[in-house]
Amino acid sequence: MKQAYKLRNYLKKYRLQCGLTQKEIAYLLGCSDATAISHYERNVRIPPLEILLGYEKIFNLPMRFFYARTASEIGRKIEKRSGILLNKIVRQPSSKMNERKIDFLQGRCEFSPVFKVNPQS
C-alpha cells in the first residue's frame, strides 16, 4: 500500500520556542482540545487554512515558515514551469497581452533564457 506524502512542518518547534502547550495553542486557535494540535504537529492531519492563518498570527510568521521544505519545493516547481511557459509565450505573435505576460513571468523565473522572436522574420 502506498504511503501518503508527509509534509514536514515546524509547528511544534515554534510552539516549544514560545513555551506554549498544545492545550494553550488549541485555546488560541479556538480548538476544543489539544488533539487537533497534536495531529497537526505529527503530520496526522494538515491544518485547514483558518488554522494556518491562526498560527501565522500567533507566531507572527508567514505560513510558509511552518512548512518551509514544502514551500521551497513548490517554489522551485513554479519557477521551472514559469520558464517553460515564458518560452512558449515568447514564441507567440507579439501583443500587449503577451508583453504583459512576459514581464510578469520574467520576474518569477530562476533564470530567463528568453530571446524575443520576431514572427515576421
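Here is a walk through the structure above, from its overall make-up to a few individual residues. Keep in mind as you read that this is a predicted model.

Let us start with the whole chain. It has six helices and zero strands, so the order of elements from the N terminus reads α-α-α-α-α-α. Of the 121 residues in the chain, 27% are buried. Among the contacts with a separation of 6 or more, 52% are between residues 24 or more positions apart.

The crossing in which α5 passes α6 is left-handed. On the α5 side, the contact is made by Ser82, Leu85, Leu86, Ile89 and Val90. The α6 side brings Asn98, Lys101, Ile102, Leu105 and Gln106. Sorted by class, this contact of α5 with α6 has six nonpolar residues, three polar ones and one charged one.

One member of that contact deserves a visit of its own. Asn98 is located in helix α6, and its relative accessibility is 8%. Is Asn98 buried or exposed? Asn98 counts as buried, because its value falls under 20%. Once residues up to four places away in sequence are set aside, Asn98 touches Ile89, Gln92 and Pro93.

Now turn to another helix pair, α2 (residues 22-29) and α4 (residues 49-59). Here the axes are 10 Å apart and the packing angle is about 110°. An angle from 65 to 115 degrees counts as roughly perpendicular, and therefore α2 is roughly perpendicular to α4. From α2, the residues that make the contact are Ile25, Leu28 and Leu29. From α4 they are Ile51, Gly54, Tyr55, Ile58 and Phe59. By class, the contact of α2 with α4 divides into seven nonpolar residues, one polar and no charged.

Cys31 sits in the loop between α2 and α3, and Cys31 counts as buried at 19% relative accessibility, a value to be read against the cut-off of under 20%. Apart from its neighbours within four places in sequence, Cys31 is in contact with Ala26, Ile37 and Ile51. Cys31 and Ile51 are 20 residues apart in sequence, with a C-alpha to C-alpha distance of 9.1 Å.

What about charged side chains? The structure holds one salt bridge. Which residues form this salt bridge? The side chains of Glu41 and Arg15 do, with an N to O distance of 2.5 Å. The pair links distant parts of the chain, since Glu41 belongs to helix α3 (residues 35-41) and Arg15 to helix α1 (residues 11-18), 26 residues apart. Both partners fall under the 20% cut-off for buried residues: the relative accessible area is 9% for Glu41 and 7% for Arg15. Around Glu41 you will find Asn9, Leu11, Lys12, Arg15 and Gln22 in contact, not counting residues up to four places away in sequence.

The last stop is backbone geometry. Most residues other than glycine have a negative phi. Asn43 is in the loop between α3 and α4, while Asn60 is in the loop between α4 and α5. Their accessibility classes can be worked out from the values. Asn43, with a relative accessible area of 22%, is partly exposed, because that value lies between the 20% and 50% cut-offs. Asn60, at 68% relative accessibility, counts as exposed, because that value is over 50%.

Key:
Residues are numbered from 1 along each chain as its sequence is written. This is a predicted model: local features need pLDDT of at least 70, side-chain atom pairs count only at pLDDT 80 or more; totals for chains, interfaces and linings use all residues. Side-chain values use heavy atoms; hydrogens and water are left out. A crossing is left-handed if the near helix is turned anticlockwise from the far one by less than a right angle, and right-handed if clockwise. Helices (H or I, at least four residues) and strands (E, at least two) are DSSP runs, numbered from the N terminus. Contact means heavy atoms within 4.5 Å. Ala, Val, Leu, Ile, Met, Phe, Trp, Tyr, Cys and Pro count as nonpolar, Asp, Glu, Lys and Arg as charged, and the others, Gly among them, as polar. A salt bridge is a side-chain nitrogen of Lys or Arg within 4 Å of a carboxyl oxygen of Asp or Glu. Buried means under 20% relative accessible area, exposed over 50%, partly exposed in between (1.4 Å probe, protein chains only). Axes are lines fitted to C-alpha atoms, for helices over the stretch in contact, and angles run from 0 to 180 degrees between N-to-C directions. Angles under 35 degrees count as roughly parallel, over 145 as roughly antiparallel, 65 to 115 as roughly perpendicular and the rest as oblique.
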